[in-house]
Amino acid sequence: MNNELIIKSKIDNIYFVENFIDELTIEQSIATEMYGNILISTIEAVTNAIVHGNNSDPAKVVHVKVLRENKTLQITVTDEGEGFDITVVPDPTRPDHIEQPDGRGIFLMRNLADDLQFAKNGAEVTLIFNL
């Protein structure tokens, strides 16, 4: 399996990410109960990269890179944007933000992955799963 996927910043290309994760989980013999967490988290990260990082500019790309070490799976998603300040992303569970769409993707990633790390000023996110 190829451990890297590069897609243009078009939301329709999420299809390629789904296929990539399907192939990854089969080839790496990932437990079925982990599949949903990996798929949803990765799709959220790529969607954020396309829409917010690259402003849906099809001239820009999103990189998805996978690294498996022992009992850990790391999926790193990198966009070509300037990044963002993670400290100002609202908590979507707060009553005053419950109706706002901002922050839901990061909330999902934090709750579905075992660890979530940001680099490159937020233009790179690494989802870490304990297998």
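Reader: Which residues of helix 2 are buried?

Author: Met34, Ile38, Leu39, Ser41, Thr42, Ile43, Ala45, Val46, Ala49, Ile50 and Gly53 are buried in helix 2. Buried means under 20% relative accessible area, exposed over 50%, and partly exposed in between (1.4 Å probe, protein chains only). This is a predicted model: local features need pLDDT of at least 70, side-chain atom pairs count only at pLDDT 80 or more, and totals for chains, interfaces and linings use all residues. Residues are numbered from 1 along each chain as its sequence is written, and side-chain values use heavy atoms, with hydrogens and water left out.

Reader: What covers the buried residues of helix 2?

Author: The cover includes strand 1 (4-8), helix 1 (14-27), strand 2 (61-69), strand 3 (72-78), helix 3 (104-112) and strand 5 (124-130). Helices (H or I, at least four residues) and strands (E, at least two) are DSSP runs, numbered from the N terminus.

Reader: What makes the reach of helix 2 close to the expected one?

Author: The expected span is 1.5 Å times one less than the number of residues. Helix 2 has 22 residues, and 32 Å is expected. From first C-alpha to last, helix 2 reaches 31 Å.

Reader: Why is Ile40 called partly exposed?

Author: Ile40 is found in helix 2 (residues 32-53). Its relative accessible area is 40%. That value lies between the 20% and 50% limits, so Ile40 is partly exposed.

Reader: What makes Ile40, Phe107 and Leu108 a nonpolar patch?

Author: Nonpolar side chains (Val, Leu, Ile, Met, Phe, Trp, Tyr) are joined within 5 Å, like charges within 9 Å. Ile40, Phe107 and Leu108 form such a patch on the surface, with about 230 Å² of accessible area together. Areas come from the Shrake-Rupley method with a 1.4 Å probe, and for residues only the protein chains shown count as cover.

Reader: Why is Asn13 called buried?

Author: Asn13 has a relative accessible area of 12%, under the 20% limit, so Asn13 is buried. It lies in the loop between strand 1 and helix 1.

Reader: What lies 2.9 Å from a polar atom of the Asn13 side chain?

Author: The backbone oxygen of Lys8 does. A polar contact is a pair of N or O atoms within 3.5 Å; within protein, one must be able to donate a hydrogen and the other to accept it, and residues adjacent in sequence count only if both atoms are side-chain atoms.

Reader: What joins the side chains of Thr76 and Thr126?

Author: A polar contact of 3.0 Å. Thr76 is in strand 3. At 17% relative accessibility, under 20%, Thr76 counts as buried.

Reader: Why does Asn121 count as exposed?

Author: Its relative accessibility is 55%, over the 50% limit, so Asn121 counts as exposed. Asn121 lies in the loop between strand 4 (115-119) and strand 5. Its phi is positive too, near 60°.

Key
Patch = residues over 30% accessible without salt bridge, like charges linked within 9 Å, V, L, I, M, F, W, Y side chains within 5 Å. Salt bridge = Lys/Arg side-chain N within 4 Å of Asp/Glu carboxyl O. Contact = heavy atoms within 4.5 Å.
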